[in-house]
Amino acid sequence: MVCISVIIPVYNAEKTIQETILSVLNQTFQDFEIIVINDGSQDKTLERLEAIQDNRIQVYSYPNSGQAASRNRGIQQSKGEFIAFLDADDLWTSDKLEAQFLALKDHPTAAVAYSWTHYIDEKSNIIRRGSQLNLTGNVYPHLLVTNLLENGSNPLIRRQALTEVGGFEETLPPAEDWDLYLRLAACYPFVAVPKAQILYRVYPNSMSSNIFKMESSALRVIERAFQQAPQSLQPLKQQSLANVYKYLTVKALEGQPNRQR
């Protein structure tokens, strides 16, 4: 059995998919499979994939259904003891899988290993660093307040834990990853790898154009989470809401904001 399944949902990513997959193939840890879920791409994504010769890469094509559905389809096709997700325009440093795998081996009760994030531009240049929180153990209260993993390309997750809590909620994009992390953190410890190993790509105005969708999704995640959270953690809800609107405000002001934003 393969150790790690790397699941890459892709939709019209002809410009980045080869660099993304190369960042997996160049990992120091090599016991993995790559499950690419082509979510109805209409550009040259499939041609770019066919040009990469490696028998660990499996490509499955479906009608367009969204990222959460593609991730769930990848889980169904995968065989690894551990699961990692990588968006089709993000990158990993070469030691990402090895460091997270060793962290989970050193913490056998933990279900999730996560690293720090650097943000990159269209040319893969680092433009800023992420929050760099270093929290291990019971991260549930912290995760209720903010998505400390920051993105969907970050964690390495034990398959057993993922099976127990269920996959991605397909009605919650683009906050479905935060929802999954909350369900995992409610049941299992997390372990931090205090290194920047995820290179998360941002584009001018790409996130701020979906600001109202982001607001709606985040608010639904918060409501779902605090319906399940114990009474002792209910006071954190106001801080969680405040952090969401602080984040949305920053996104609304990025690029060249219009009056509506």
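This is a predicted model: local features need pLDDT of at least 70, side-chain atom pairs count only at pLDDT 80 or more; totals for chains, interfaces and linings use all residues.
**Stop 1: two helices side by side**

Start by selecting residues 176-185, which make up helix H7, and residues 211-228, which make up helix H8. Two packed helices are described by the angle between their axes and the distance between the axes. Here the axes come within 9 Å and cross at roughly 15°. Angles under 35 degrees count as roughly parallel, so H7 is roughly parallel to H8. The crossing of H7 and H8 is right-handed.

**Stop 2: where they touch**

Now show side chains. Which residues in H7 meet H8? Pick Trp178, Asp179, Leu182 and Arg183. Across from them, in H8, you'll find Ala218, Val221, Ile222, Arg224 and Ala225. Colour this contact by class and you get six nonpolar residues, three charged ones and no polar ones.

**Stop 3: a charged pair between H7 and H8**

Keep Asp179 and Arg224 selected. Side chains of opposite charge can pair when their charged atoms come close. Arginine 224 and aspartate 179 form a salt bridge, with their closest N and O atoms 3.1 Å apart. This pair links distant parts of the chain, since 45 residues separate arginine 224 in H8 from aspartate 179 in H7.

**Stop 4: over to helix H3**

Next, select arginine 71 and glutamate 176. Their closest N and O atoms are 3.2 Å apart, and they form a salt bridge. Arginine 71 sits in helix H3 (residues 67-77) and glutamate 176 in H7, so this bridge ties together parts that are 105 residues apart in sequence.

**Stop 5: from H8 to H9**

Go back to H8 and click on glutamate 223, then on lysine 237. These two form a salt bridge whose closest N and O atoms are 2.9 Å apart. Glutamate 223 is in H8 and lysine 237 is in helix H9 (residues 236-253), so the pair ties together parts 14 residues apart in sequence. With 36% relative accessibility, glutamate 223 counts as partly exposed.

How many salt bridges does a search of the whole structure find? It finds eight.

Terms used
Residues are numbered from 1 along each chain as its sequence is written. Side-chain values use heavy atoms; hydrogens and water are left out. Axes are lines fitted to C-alpha atoms, for helices over the stretch in contact, and angles run from 0 to 180 degrees between N-to-C directions. Helices (H or I, at least four residues) and strands (E, at least two) are DSSP runs, numbered from the N terminus. Angles under 35 degrees count as roughly parallel, over 145 as roughly antiparallel, 65 to 115 as roughly perpendicular and the rest as oblique. A crossing is left-handed if the near helix is turned anticlockwise from the far one by less than a right angle, and right-handed if clockwise. Contact means heavy atoms within 4.5 Å. Ala, Val, Leu, Ile, Met, Phe, Trp, Tyr, Cys and Pro count as nonpolar, Asp, Glu, Lys and Arg as charged, and the others, Gly among them, as polar. A salt bridge is a side-chain nitrogen of Lys or Arg within 4 Å of a carboxyl oxygen of Asp or Glu. Buried means under 20% relative accessible area, exposed over 50%, partly exposed in between (1.4 Å probe, protein chains only).
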